[in-house]
Amino acid sequence: MLRSRIIGTGSYAPKRAVTNLDIAKLVETSDEWITTRTGIKERRLADGETVSDMASKAGKAALKAAGVSAKDIDLIVVGTVTPEMNFPSTACFVQAALGAKPGAGAFDVSAACSGFLYALDAADKYLRSGSCKRALVIGVDVFSRLVDWSDRSTCVLFGDGAGAVVLSAEKSSHGVLSSHIHSDGRQWEMLYAAGAVKSNPFEKRQDGPGYLKMNGNETFKIAVRTMGSAITEALEASGLAPGDISLLIPHQANMRIINAISERLKLPEDRVYMNLEKYGNTSAGSIPLALDEAVADGRVEAGDIILFVAFGGGLTWASAAVRW
Ligand code: ACO
């Protein structure tokens with residue numbers, strides 16, 4: 001059976017680390033509040049870097065790990081909601097920066113924190129249909145340029161980061177076993193950033209504030225519920241049970257959300273990957289950044305069942321099961 005195998009991973013996080021104590025100098029908060037409510041200790045913030053710089057560095061590392069030249073990539077899909085321009089897509093910038101094959105397909109996917117899994121889902125379908133052989137899938141976001149740094153209820157949560165995988169279409173029992181994406185646009189106001197759209201001189205609409213807005217409490221509950229159901233869906237579609245999961249790599253939004261999901265599944269701590277204490281919520285960057293660190297830490301071995309699950313603005317949610 002033709003499957004998409006992950007043959008290389010890479011990631012990039014900006015060098016500048018900003019601790020909870022640094023943020024406590026900006027807004028009325030404390031290391032104690034942020035740590036106990038979220039698990040986050042510090043985050044990396046972009047310092048003059050563009051989103052495509054970050055995506056390209058992660059992509060380059062993934063190509064190197066896969067031993068694949070950029071010229072062998074047929075398709076580049078980037079999950080991001082913080083592109084540096086409305087167009088061209090970040091994927092086109094990455095294509096140029098990496099010297100990838102001119103003529104390869106390149107596009108962005110907008111699904112906030114679910115962006116990487118949406119991008120993976122799309123690429124997987126191109127590969128399994130036989131229309132592409134090798135894809136570079138990247139998740140990247142620069143939320144530090146989207147949050148209101150005077151709003152303590154959101155600015156403490158986010159950081160900047162990127163991660164990437166190289167997918168190869170192979171006849172194999174290893175690779176992506178199942179992948180699902182979901183959304184519910186009725187609930188868009190739970191979490192959004194109005195962005196750069198401006199009125200034209202002939203209309204009366206008001207330009208809204210561009211900052212990220214979030215109903216944290218409701219988002220928390222919906223995240224636990226939807227990620228729980230997405231995991232069940234991935235397991236059932238792959239003929240697996242919770243006990244088969246070697247490593248769950250969830251979207252790194254909040255330690256308490258991840259703990260609630262792990263408890264429901266009765267997964268021991270060593271089967272759940274968390275690195276949010278170092279990076280905060282990096283949106284679409286979060287899952288591939290965690291995957292790359294898990295691979296580097298030796299937490300992923302051939303034959304392991306890796307389960308990815310994400311949740312984000314849209315609302316969107318998604319899951320994928322992979323046999324490594
Ligand atoms: N420091 C100190 N106090 C704070 C802070 C802060 N940074 N932020 C809020 N507070 C206060 C509030 O004002 C409130 O005070 P009050 O009781 O006097 O009114 C109190 O702390 C409790 O606030 P809650 O919002 O109830 O705190 P909660 O325990 O729910 O934690 C949090 C808030 C961390 C935002 C949590 O709701 C959460 O993680 N929600 C989900 C976020 C998420 O996963 N988002 C998905 C993002 S994905 C994407 O697509 C971007």
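Before I continue, a word on the source. The model is a predicted one, in which local features need pLDDT of at least 70 and side-chain atom pairs count only at pLDDT 80 or more, while totals for chains, interfaces and linings use all residues. Residues are numbered from 1 along each chain as its sequence is written, and side-chain values use heavy atoms, with hydrogens and water left out.

The side chain of Arg37 places an N or O atom 2.7 Å from an oxygen atom of the ligand, and a polar backbone atom of Gly216 is 3.0 Å from a ligand nitrogen. On its own the ligand has 1000 Å² of accessible area, and the protein covers 75% of that; these areas come from the Shrake-Rupley method with a 1.4 Å probe, and for residues only the protein chains shown count as cover.

Which elements give two or more residues to the shell around the ligand? They are helices H2 (31-38), H6 (152-155), H7 (216-237) and H8 (255-265), together with strand S12. Helices (H or I, at least four residues) and strands (E, at least two) are DSSP runs, numbered from the N terminus. H7 supplies the largest share, four residues. In total, 28 residues surround the ligand, each with a heavy atom within 4 Å of it; the closest are Thr29, Arg37, Cys113, Asn254 and Gly313.

Asn254 leads us to H8. At the start of this helix, a side-chain oxygen of Asn254 reaches to within 2.7 Å of the backbone nitrogen of Arg256. The buried residues of H8 are Ile257, Ile258, Ile261, Ser262 and Leu265. Buried means under 20% relative accessible area, exposed over 50%, and partly exposed in between (1.4 Å probe, protein chains only). Viewed down the axis of H8, the buried residues fall within an arc of 130 degrees, so they line one face of the helix; the arc is that of the directions from the helix axis to the C-beta atoms. Glu263 and Arg264 are exposed on the face turned away from the buried side. The buried residues pack against H7, S11 and helix H9 (276-279), where contact means heavy atoms within 4.5 Å. After H8 comes Lys266, with a positive phi near 55 degrees.

Next, strand S11 itself, residues 247-250. Leu247 and Ile249 point one way, Leu248 and Pro250 the other, and all are buried. In general, side chains in a regular strand alternate between the two faces of the sheet. S11 runs parallel to S12 (residues 305-312), joined by four bridges; strands pair if DSSP finds at least two bridges between them. Ile249 stands opposite Phe308 in S12.

Is Thr316 buried or exposed? Thr316 is buried, with a relative accessible area of 6%. A polar atom of its side chain lies 3.1 Å from the backbone oxygen of Ala111. Leaving aside residues up to four places away in sequence, Thr316 touches Ala111, Ser114, Tyr118, His182, Ser183 and Phe311.

Definitions and conventions
A polar contact is a pair of N or O atoms within 3.5 Å; within protein, one must be able to donate a hydrogen and the other to accept it, and residues adjacent in sequence count only if both atoms are side-chain atoms.
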